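Hi,

Here is the structure I said I would pass on.

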Amino acid sequence: MTNAYIAGTGFYVPPRVVTNDDLRTVYGLDTTHEWIVKRSGIEARRYSDEGTATSDLALEASKHALEDAGLTPRDLDLIVYASLSPDVGFPGGGVYLQQKLGLCDGADAKFVPALDVRNQCSGFLYGLGTATSMIEAGVYKNILLVGAELHSAALDWTTRGRSIASLFGDGAGAVVLRATDEDRGVRGWWLGADGRFADVLSQKIWDLKKRPFMPVNEHGVGQVEPLMMYAQMDGKLVFRHAVERMIGALFTAYSAKGLTHDDIDYFLFHQANLRINQYVAEQLGIPEHKLLSNIQSYGNTTAATIPILLAETARSGKLKRGMKIAMVAFGSGFTWGSAILDW
Ligand code: UT7
């Protein structure tokens, strides 16, 4: 049987570090370092400069992942690009990344398909499931899967938006999934969604039910109200559902594969809130040293959290061949997912 394994990982975060104190002193956010750390565990995040696109972050992460896999862009058969913050409304970011990777250049241009995944915090796991299936089915051999987000362009640093503005940061993570006949790689993936909660964590920059779809002034210039321009979230409701769904997603994976916590070497949870992850781990009796975290440094980078965490962990040398990894995510939609991998 053909398996899909992660042959290379990479990540990129913009160099500008924004601490919790910077949010207060530089951005004027009505907050404190203590509040943010106590509620979320976040100490800092990275912001991009004006002129940077999400696909620029994705490009750097992808270059690292390709290099780590010993491949070049022309070895790729497919790009899967997960993001809730694409460069523009459409097209999706996958084609911008394809172009920036140089795949459209020269006589040997390779016009690989570019698939955009729109499942927010669960985007990486939705992408992993899609890419794995394509490899297992023998359709493709080498797939670049990227999670990339640029939140800093659309945060509301007034008191109205502080519960969201304090959480999110920019970054990208990438993996190269390859076909192998060896007994390793992605062992299974399980996804879910509950559209009843679609509005609970959303950004409705426009509403196509309306005519015109966006309010316009007397000059025909579109105007976006703050409530539409910025993400809106019922944080407490998200928190509650995140805990329930993440535990459920993990148990679904365990029962499908006959596993317990003892079989797992590392847990890579979506980095939305350290308290959510610690609570889930506590409820399940997962030992602290198995729960990997980097939200302290990067905040919530949505679809990018898991691949950034994976790439950092791989780079640190902690991952050894044969180790079992569990990934779990939950977020806007609501959507969620889990995956089990043998490294
Ligand atoms: O990846 C996407 C998934 N998203 C998540 O997983 C987020 C899940 N939710 C959460 O992590 C938490 O709900 C938050 C960290 C967002 C908020 O924590 P909370 O304990 O639910 O706080 P809250 O929203 O109920 O706000 C409590 C108080 C409010 O003040 P009053 O009304 O009690 O006077 C807020 O205005 O804290 C205030 N507040 C802040 N204060 C200082 C909200 N944000 C801030 C802030 N700094 N940044």
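Alanine 339 sits in strand β14 (residues 335-342); helices here are DSSP runs of H or I with at least four residues, strands are runs of E with at least two, and both are numbered from the N terminus. Its relative accessibility is 1%, so alanine 339 counts as buried (buried means under 20% relative accessible area, exposed over 50%, partly exposed in between, with a 1.4 Å probe and protein chains only). Setting aside neighbours within four places in sequence, alanine 339 is in contact with Leu125, Leu128, Gly188, Trp189, Trp190, Ile325, Ala326 and Met327, where contact means heavy atoms within 4.5 Å.

Before I go on, the ground rules. This is a predicted model, so local features need pLDDT of at least 70 and side-chain atom pairs count only at pLDDT 80 or more, while totals for chains, interfaces and linings use all residues. Residues are numbered from 1 along each chain as its sequence is written, and side-chain values use heavy atoms, with hydrogens and water left out.

Two of those contacts of alanine 339, Leu125 and Leu128, are also among the buried residues of α5. Helix α5 (residues 123-136) has 14 residues and reaches 20 Å from its first C-alpha to its last, close to the 20 Å expected at 1.5 Å a residue; the expected span is 1.5 Å times one less than the number of residues. The helix is mostly covered, with 10 of its 14 residues buried. Just after α5, glycine 138 takes a positive phi of about 80°.

Next comes β6 (residues 142-149), where eight of eight residues are buried. Both faces are covered: Asn142, Leu144, Val146 and Ala148 on one side, Ile143, Leu145, Gly147 and Glu149 on the other. How does β6 pair with strand β4 (residues 78-82), parallel or antiparallel? The two pair in the parallel sense, over five bridges, and leucine 78 stands opposite isoleucine 143. On the β7 (residues 171-180) side, β6 runs antiparallel with eight bridges, and glutamate 149 has glycine 171 as its bridge partner. Pairing here requires DSSP to find at least two bridges between the strands.

Now the charges. The count comes to 16 salt bridges, a salt bridge being a side-chain nitrogen of Lys or Arg within 4 Å of a carboxyl oxygen of Asp or Glu. A few that I looked at:

- Aspartate 49 and arginine 16 form a salt bridge, with the closest N and O atoms 3.0 Å apart. Aspartate 49 is in the loop between β3 (44-47) and α3 (54-69) and arginine 16 is in strand β2 (residues 16-19), so the pair ties together parts that are 33 residues apart in sequence. Aspartate 49 is partly exposed at 45% relative accessibility, and arginine 16 is partly exposed too, at 31%.
- Lysine 324 and aspartate 342 meet in a salt bridge at 2.7 Å, N to O. That pair links distant parts of the chain, with lysine 324 in strand β13 (residues 324-331) and aspartate 342 in strand β14, 18 residues apart. Lysine 324 is buried at 17% relative accessibility, as is aspartate 342 at 13%.
- Arginine 187 and aspartate 183 meet in a salt bridge at 3.1 Å, N to O. Arginine 187 is partly exposed at 22%, whereas aspartate 183 is exposed at 65%.

Asp183, Arg187, Lys324 and Asp342 are linked in a network of salt bridges.

Two last places to look. Histidine 241 is in helix α8 (residues 235-257) and counts as buried at 11% relative accessibility. Neighbours within four places aside, histidine 241 is in contact with Phe197, Phe330 and Phe334.

On the surface, Ile205, Trp206, Leu208, Phe213 and Met229 form a nonpolar patch with about 450 Å² of accessible area together. Patches take residues with over 30% relative accessible area and no salt bridge, joining like charges within 9 Å and nonpolar side chains (Val, Leu, Ile, Met, Phe, Trp, Tyr) within 5 Å; areas come from the Shrake-Rupley method with a 1.4 Å probe, and for residues only the protein chains shown count as cover. Isoleucine 205 lies in the loop between β9 (201-202) and α7 (226-229).

Cheers
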